[in-house]
Amino acid sequence: MTSIISPTSKEKFALAAETAAVSRGYWTTVWTRLVRDPVSVGCAVVLLLMVLIAVFAPLLAPYDPSQGTMLKRLSPIGTEGHWLGTDELGRDMLSRLMHGGQMSLMMGLLPVFIAFAIGTSLGLIAGFFGGWINSLIMRTTDVFFAFPAVLLAIAISGALGAGFVNAIISLTLVFIPPIARVAESVTTSVRNLDFVEAARASGAGNFTIIRVHVLGNVLGPVFIYATSLVSVCMILAAGLSFLGLGVRPPTPEWGLMLNTLRQSIYIQPWISVLPGLMIFITSLCFNLLSDGLRSAMDIKR
Amino acid sequence: MFVFIIRRFLYAIPIALAVAAVCFSLVHLAPGDPLTAIIPADAPAEVVIAIQQAYGMDRPLLVQFGSWIQRALQGDLGVSVATGRPVMGDIALALSNTLLLAFAAALLGFLGGILLGALAAIYNGTWIDKLATALAITGVSIPHYWLGLLLVIIFSVHLDWLPSMGAGPGGSSDWRLDWAHLRHLVLPAVTMCFIPMGIVTRTVRATVSEILNSEFVTALYARGLRGRRIAVHVAKNAAPTVLSVMGLQFGYLLGGSILVETVFSWPGTGYLLNTAIFQRDIPLLQGIILVLAMFFVGLNLLVDVLQTLMDPRIKRG
């Protein structure tokens, strides 16, 4: 899919970590710059709304997402009582889209979150200790870079078989290597700063140095890098469901809905467009927000 | 430099081996016995053992891996569990279709991306820049399988201009350069070109605007150079970065085409992979992943070597 890691981004994140480590008000400045950017704020609002609608879908949705009336199959958009029409089994589209957000957002966020935890730990260890530990961890991630991300996710999912948990596992495995790579380069640049040397000179052990002096400076930049992966993950996760490798019917999920409604494009084309539109809007907002974060981070020293 | 190129070639060998190991282990990721697809549930124990021996599944893992590699090097990727045919033939045919699609999409995406990115960098901050940036971010945010569906609805269902399925009239899979076949290529190629276009636009814009702001360009202007002669210098300096991104993107097109191929029933590796997954045809799955991943490894190698040849300043440790 997209190039997960660009050649320049590694240095950029490392630079940000160094800046942050030296100047105290860095993250405050980044935050101020971010909330002044109308696009970022707009996207944050849209995403917050999506999350709220998904969480409170059982209260907000006008119909049960899994109950349909056979007589009302594929009603067009604007039908009375069904504002966004009904699907191929006569289920209310609006209710299904609302409930679908739960699974789709979770499948977009959870793998990146788990990969963030594992990848950062691996990157920290590799970057801090260097030597053969670094080689062992980083050469292993190199192997995963030898596969295009989509292919790797589909291959693992395909071998494990369909299902929610398997999809989460395969997506997590795809995102660990790029996060580990960024965390490693950020850690390496922080490790060489003077205050780490000072801490070591005053007798701090490795664990203390990592916990007190390194971790805080590594988490921020890596987190921001991880946010840029959420949109890729949303698209990939919905893609797995679209292929029938994600959640199973009748669970409402945008990718799966897109798959089942595909058969109906000659009858009600615009209804089958709706779930994909939701995926598109969500991933666009995540992308714009992450871009906003990046440019807010890009403060000239 | 030649030392670097040789070292890079040598480094590709362990990577290729590790990639093969990952592909090989896919069989053992699969739940249950990899042979469940062909062994009937009520088969007596001695039949099961006989089948396992026939497929070599009774030997130690490392031995199985060794002989698998050995046969793969000779172009034998095993026999499909579902059809009983050698996997290699099917993959080769599918690969040619996927390559065709990837080339078409890459051509559209790279040309569009270079054009948009260069315009955005030259007219930095104007509406042209904003439009190009917006197009680029749309390109990377859009789920391409959905875009494909959208294009089918517009150009096949409503307008009835272009076919929505297959690679040629009547589902033919042998490709020829005529309008009847070309028509089938349009929609999938356009669908797939959006992601590389977005990424290339962003890369070209960032690289070119950085170069335009550098001192040597000011010096060129000071010497009285204008327009096209400056463009030559900028292009030379931007080429290595842009080339490496394009190489990666081409690899992603090869590996990432599965969703688009499924939407358009394009008879390529992605479509075949989809079939393999749902028939639980593990040898076929393994073979496709191996071939595509090896293509990707080779492509990365090629890009690195070309980049070094083009830009002798790159120092490799």
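**Questions on a predicted model**

Biologist: How many of the ten residues of helix H11 (residues 269–278) of chain B are buried?

Modeller: Helices are DSSP runs of H or I with at least four residues, strands are runs of E with at least two, and both are numbered from the N terminus. A residue is buried if 20 or more other C-beta atoms, placed from the backbone, lie within 10 Å of its own, exposed if 12 or fewer do, and partly exposed in between. In H11(B), the buried residues are Thr269(B), Gly270(B), Tyr271(B), Leu272(B), Leu273(B), Asn274(B), Ala276(B) and Ile277(B). The helix is largely enclosed by the rest of the structure, because the number of its ten residues that are buried is eight.

Biologist: What pLDDT do local features need in this predicted model?

Modeller: Residues are numbered from 1 along each chain as its sequence is written, while chains are lettered from A and ligands numbered from 1 in the order in which they are written. The model is predicted: totals for chains, interfaces and linings use all residues, side-chain atom pairs count only at pLDDT 80 or more, and local features need a pLDDT of at least 70.

Biologist: Which helix of chain A do the buried residues of H11(B) pack against?

Modeller: Within chain B, these buried residues pack against helix H4 (87–122), helix H10 (258–264) and helix H12 (282–310). From chain A, the partner of the buried residues of H11(B) is H7.

Biologist: What is the phi of Ser265(B), in degrees?

Modeller: Ser265(B) lies in the loop between H10 and H11 of chain B, and it counts as partly exposed because it has 16 C-beta neighbours inside 10 Å. Most residues other than glycine have a negative phi. Ser265(B) is not a glycine, yet its phi is positive, at about 50 degrees.

Biologist: What is the relative orientation of helix H1 (residues 2–29) of chain B and H12(B)?

Modeller: The two axes, lines fitted to C-alpha atoms over the stretch in contact, come within 10 Å and cross at roughly 165 degrees. Such angles run from 0 to 180 degrees between N-to-C directions; under 35 degrees counts as roughly parallel, over 145 as roughly antiparallel, 65 to 115 as roughly perpendicular and the rest as oblique. H1(B) and H12(B) are therefore roughly antiparallel.

Biologist: How many nonpolar residues are in the contact of H1(B) with H12(B)?

Modeller: Residues are in contact if their C-beta atoms, placed from the backbone, lie within 7 Å; among those taking part are Phe4(B) and Phe9(B) of H1(B) and Leu301(B) and Val305(B) of H12(B). Ala, Val, Leu, Ile, Met, Phe, Trp, Tyr, Cys and Pro count as nonpolar, Asp, Glu, Lys and Arg as charged, and the others, Gly among them, as polar. Beside two polar and two charged residues, the number of nonpolar ones is 20.

Biologist: Which element gives the largest share of the side of chain A that touches chain B?

Modeller: Between the chains, 38 residues of chain A are in contact with 43 residues of chain B. Helices H6 (131–145), H7 (149–160), H10 (206–242) and H12 (269–297) of chain A each give two or more residues to this side. The largest share, ten residues, comes from H12(A).

Biologist: What is the relative orientation of H12(A) and helix H5 (residues 127–141) of chain B?

Modeller: The axes of these helices are 9 Å apart, at an angle of about 125 degrees. Their contact involves Phe280(A), Ser283(A), Leu284(A), Asn287(A) and Leu288(A) of H12(A) with Ile137(B), Val140(B) and Ser141(B) of H5(B). By class, five of these residues are nonpolar, three polar and none charged. Given their angle, H12(A) and H5(B) are therefore oblique.

Biologist: How far apart in space are Leu253(B) and Met192(B), C-alpha to C-alpha?

Modeller: Leu253(B) belongs to helix H9 (residues 227–256) of chain B and is buried, with 25 other C-beta atoms within 10 Å. Leaving aside neighbours within four places in sequence, its contacts are Ala102(B), Ala105(B), Ala106(B), Met192(B) and Pro196(B). Leu253(B) and Met192(B) are 61 residues apart in sequence, and their C-alpha distance is 7.4 Å.

Definitions and conventions:
Two residues are in contact if their C-beta atoms, placed from the backbone, lie within 7 Å.
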